[in-house]
Amino acid sequence: MSNRAVISLLALATFLFSIATLSLATEAVELTRHLVPSIYVFGDSIVDVGNNNFLPPPAARAKSPYGIDSPASITGRFTNGYNIADLVARRLGSQEQVTVGWPVLHALYKMGARRLGILDVPAIGCTPGARVPMMNGVCNDAANSMAQIFNKLLRVEVARAVKTSMPGMKYSIGSTYNVLIDLINKPFVAGLREVERACCGSGTLNAEAMCSMPNTTYCMDRDEYMFWDKLHPTQAMYERGVMAIFYGSKKYADPINFAGLIPSMNDTMTPPDVYSI
C-alpha cells in the first residue's frame, strides 16, 4: 500500500475521511486537487449532511430555516450553513462526502488506514439548551465534567490501541472542548458577540424549542453567534474550530494538529503565527 494513504477522522466519535489511490508521480497541482477524493462521515447531528431527512418519524428533520446561509438552501444540515464535516472536507480539497455507519477501526486499519483524526466531546454543558434549566443560565458543570472524563479516557484508549495493535498509525485528537471554552471566555477576540443564546428557537435563551418548530424565530447577525439552535453551533463557530484543530497548538489538537495528518505536509505543521484563540 505504498501509494495509498488513508486518513480517518472520527468525530466524537464522529467522522472519517480517507485519502485513496494517491500516485507518487502525480504533478503538484493534481496532488492538491485529489489529495482527499472522498470523506466518510459518521456520528450524530453535528456532522449530519442530510441522512436524517430520510429517516422515518420521529427522527428530527433539518427543515427551513436550517441551511439558510447555504448555497443549496435546505441541505439537511443542523446549522445555518456548512457544518464541521463540510469545512474539514473543503480544507482538505475533497470532492465527495459520504455518510456511513460506524465501521468499528481495526478493519479500516487492515484495509490501509494510516491517518486518524478524532474530535473529542465538546463542552456540552455550555450549549444554550443545557443552560436553560441552570440558575442564571450558567454552564452545566456536571455535564462538562462528564465530557472531560470521557475525553481523558479517549486519549488513553486511542494511544493504547495505536501502540498495541496499529503500528504506523498517525493520529490527532482535536479538542473541541478547549476550543468551545476558549471562545466562550474570549468571544470578541474571535469576532463573536453572543455565546449563550441560540440564534434560532424560542423561549429562554431562545433555546426551549428546536429551530423550525412553530413560533420559532432566527437572528439576522448569525456570524456573531456561537450557537445556531439549542444544540448545534453556527457555521461561524465551526469555521473557527476547524482553524484551531488544523493549525493550533497542542491545546487544540494533540499529539499533532490535523494539518500534520496530511501526507504532503510536515507532521508538526504549524504556521509561524500559531493559531490561537
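Predicted model: local features only at pLDDT ≥ 70, side-chain atom pairs only at ≥ 80, totals over all residues.

Reply: Residues are numbered from 1 along each chain as its sequence is written, and side-chain values use heavy atoms, with hydrogens and water left out.

Me: How many of the seven residues of strand β5 are buried?
Reply: Helices (H or I, at least four residues) and strands (E, at least two) are DSSP runs, numbered from the N terminus, and buried means under 20% relative accessible area, exposed over 50% and partly exposed in between, with a 1.4 Å probe and protein chains only. Strand β5, residues 113-119, is mostly covered, and the number of its seven residues that are buried is six.

Me: Which residue of β6 is the bridge partner of Leu-116?
Reply: Two strands pair if DSSP finds at least two bridges between them, and β5 pairs with β6 (residues 170-174) in the parallel sense over five bridges. Within β6, the bridge partner of Leu-116 is Tyr-171.

Me: Against which elements do the buried residues of α5 pack?
Reply: Helix α5, residues 141-165, has 25 residues and spans 36 Å from its first C-alpha to its last, close to the expected 36 Å, a value taken as 1.5 Å times one less than the number of residues. Its buried residues are Ala-143, Asn-144, Ala-147, Asn-151, Leu-154, Val-158 and Val-162. With contact meaning heavy atoms within 4.5 Å, the buried residues of α5 pack against β5, β6 and α6 (176-185).

Me: How many residues apart in sequence are the parts that Asp-69 and Arg-222 tie together?
Reply: A salt bridge is a side-chain nitrogen of Lys or Arg within 4 Å of a carboxyl oxygen of Asp or Glu, and Asp-69 forms one with Arg-222, the closest N and O atoms being 2.6 Å apart. Because Asp-69 lies in the loop between β3 (38-41) and α2 (84-92) and Arg-222 in the loop between β9 and β10 (225-227), the pair ties together parts whose separation in sequence is 153 residues.

Me: What is the relative accessible area of Lys-251?
Reply: The side chains of Asp-182 and Lys-251 meet in a salt bridge at 2.8 Å, N to O, and the pair links distant parts of the chain, with Asp-182 in helix α6 and Lys-251 in the loop between α7 (235-247) and β11 (253-254). Asp-182 is buried, with a relative accessible area of 9%. Lys-251, by contrast, is partly exposed, and its relative accessible area is 41%.

Me: Which residue has the backbone oxygen that the side chain of Thr-216 reaches?
Reply: Thr-216 sits in the loop between β8 (200-201) and β9 (217-218), and counts as buried because its relative accessibility is 19%. At 2.7 Å, the backbone oxygen reached by the side chain of Thr-216 belongs to Met-213.

Technical notes:
Polar contact = N/O pair within 3.5 Å; in protein donor to acceptor, adjacent residues only side chain to side chain.
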